[in-house]
Amino acid sequence: MMFQIAWRNIWRNKSRSLVVISSIVIGVWAGIFILSFSWGLYQNNINETIFKQLSHIQIHNPKFNVENDSKYTLSPTDTIMTQLQADDRIAAVSNRIISNGMISSPTTASGVKIYGIDPLAEVKQIGLDHNVKNGAYLSAGKENAILIGEKLAKKLKIKPKSKVVLTFTNVKSEIVSGAFRVAGVYRSKNISLDEVNVYVLKTQLRKLLELKPTESNEIAILLKDESQLDAVKKYSADLVPDGKVEDWKELSPELGMIIESFNLYTYILTGIILLALTFGIINTMLMSVLERIRELGMLMAIGLNKRKIFIMIMLETFYLTLVGSPLGLLLGWVTVSVFGNIGIDISMFSEGLSSYGFSSMIYPALDNQNYFIIAFMCLITSLLSAIYPALKALRLNPSEAIRKI
């Protein structure tokens with residue numbers, strides 16, 4: 001009988017009940033949308049880092065990242081590359097020569113990280129050719145060609161066909177210089193890297209560094225399916241026992257931390273939204289109790305004990321939540337599904353976002369478990385919000401409440 005009474009009570013004042021239900025719907029939807037947008041933003045950054053910068057796995061000489069010196073190489077890379085390319089779990093593999101140095105133009109100079117690459121391999125690996133905004137991509141026939149970032153080009157005040165000089169130390173610790181002509185200017189989603197990364201042909205950089213044809217500083221592996229990450233990483237470690245094999249989480253620990261901390265972020269953000277919802281529910285349920293003081297006094301006078309009064313008010317809140325939460329979940333799911341396909345364009349903030357490696361097109365996404373977390377937290381919040389109004393009702397004196405106008 002208490003269930004029926006509680007259900008009828010919430011519809012006695014439809015306007016008030018609809019306000020509470022609407023608040024719950026908006027609160028649940030807001031929680032889902034903000035979380036899905038945040039995860040879409042982070043996922044975008046993760047994908048940009050993997051597919052445009054790091055790849056899934058990198059192999060180096062153990063001393064290379066510590067000493068940051070080109071003389072620490074992997075060898076024979078031709079044999080290693082052949083075996084990796086034969087693995088059908090791998091989408092693309094490339095080997096690079098890396099050196100740190102200075103780039104000089106007629107007006108100024110800047111510190112850079114120089115990548116010696118195979119142009120065709122990097123098309124599959126990081127799609128570098130798609131980032132070229134001015135000029136042309138590197139080609140095998142132009143030994144002295146260089147590809148530089150747009151931000152660096154502005155800093156050096158140069159453009160395609162301009163001449164620059166790269167200065168660095170070779171494997172014998174001798175200072176060497178090479179003249180290069182700008183083939184193209186690229187712009188990636190990470191402007192901070194555009195200012196320091198330059199690309200030249202691997203054969204030319206190897207010659208200047210005086211490395212052997214079978215030596216390289218880095219092997220990058222891009223997988224077809226990330227679920228194979230651990231298996232391919234183990235295979236690579238067996239293939240190159242003297243090398244240091246690292247996946248993208250180890251190469252960029254801040255991204256791994258984002259994934260691990262996202263559940264905590266879910267609780268915190270949802271809690272903030274539901275805290276605002278709490279005050280609305282308390283206020284509405286308190287109004288409901290104060291409007292029914294005479295009625296509640298009558299129920300107490302005819303024998304309805306305080307426990308049943310408490311249960312009745314809690315059930316009313318529970319029913320309101322039971323109606324609002326599924327609607328909020330459905331609205332949130334539809335929103336995420338729609339915008340997850342078409343994306344949300346925030347290009348007006350592209351300059352600031354690209355400084356941190358974020359894209360201006362965001363595709364919201366959310367795991368199914370997070371929907372249940374939000375729904376459960378909403379239910380608990382609503383029930384806790386009803387405790388104070390229920391206790392307020394229990395403190396009523398039946399004889400005084402009956403005479404209340």
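## Leu 379 and its surroundings

Leu 379 touches Phe 318 and Thr 321, leaving out residues up to four places away in sequence; contact here means heavy atoms within 4.5 Å. This leucine sits in helix H15, where helices (H or I, at least four residues) and strands (E, at least two) are DSSP runs numbered from the N terminus. Leu 379 is partly exposed, with a relative accessible area of 23%; buried means under 20%, exposed over 50% and partly exposed in between (1.4 Å probe, protein chains only). Leu 379 and Leu 322 are 57 residues apart in sequence, yet their C-alpha atoms are 7.9 Å apart in space.

A word on the model: it is predicted, local features need pLDDT of at least 70, and side-chain atom pairs count only at pLDDT 80 or more, while totals for chains, interfaces and linings use all residues. Residues are numbered from 1 along each chain as its sequence is written, and side-chain values use heavy atoms, with hydrogens and water left out.

## The largest nonpolar core

In soluble globular proteins, nonpolar side chains tend to be buried together. Here the largest nonpolar core has 39 residues, and those with the most contacts inside it are Ile 24, Ile 32, Leu 296, Ile 309 and Ile 313. Such a core is a set of buried Ala, Val, Leu, Ile, Met, Phe, Trp, Tyr and Cys residues joined through side-chain atoms within 4.5 Å. At least two residues of this core come from each of H1, H2, H11, helix H12 (293–301), H13, helix H15 (368–385) and helix H16 (387–394). H2 gives the most, with 8 residues.

Have a look at Ile 309 in particular. Setting aside neighbours within four places in sequence, Ile 309 is in contact with Leu 296, Leu 299, Met 300, Leu 304, Ala 393 and Leu 394.

## A cavity among helices

The whole structure holds 1 cavity of 30 Å³ or more, and the largest cavity contains about 70 Å³ of space. On a 1 Å grid over the protein atoms alone, a cavity is a set of points where a 1.4 Å probe fits but cannot get out, a pocket is an open set with protein on both sides within 12 Å along at least five of seven lines, and lining residues have an atom within 4 Å of a point. Grid points are joined across faces, edges and corners, and a volume is the space filled by probe spheres set on the points.

Helix H1 (2–10), helix H2 (14–54), helix H11 (253–291) and helix H13 (306–342) each supply at least two lining residues of the largest cavity. Among the lining residues are Asn 9, Arg 16, Met 285 and Glu 316. By class, the lining comprises 4 nonpolar, 4 polar and 3 charged residues; Ala, Val, Leu, Ile, Met, Phe, Trp, Tyr, Cys and Pro count as nonpolar, Asp, Glu, Lys and Arg as charged, and the others, Gly among them, as polar.

Strand E7 (residues 175–186) gives the most to its lining, with 3 residues, and the lining includes Tyr 137, Lys 161, Arg 181 and Val 182.

Ser 162 lies in the loop between helix H6 (150–156) and strand E6 (163–169). Ser 162 is buried, at 17% relative accessible area, and touches Phe 180, Arg 181 and Val 182, not counting residues up to four places away in sequence.
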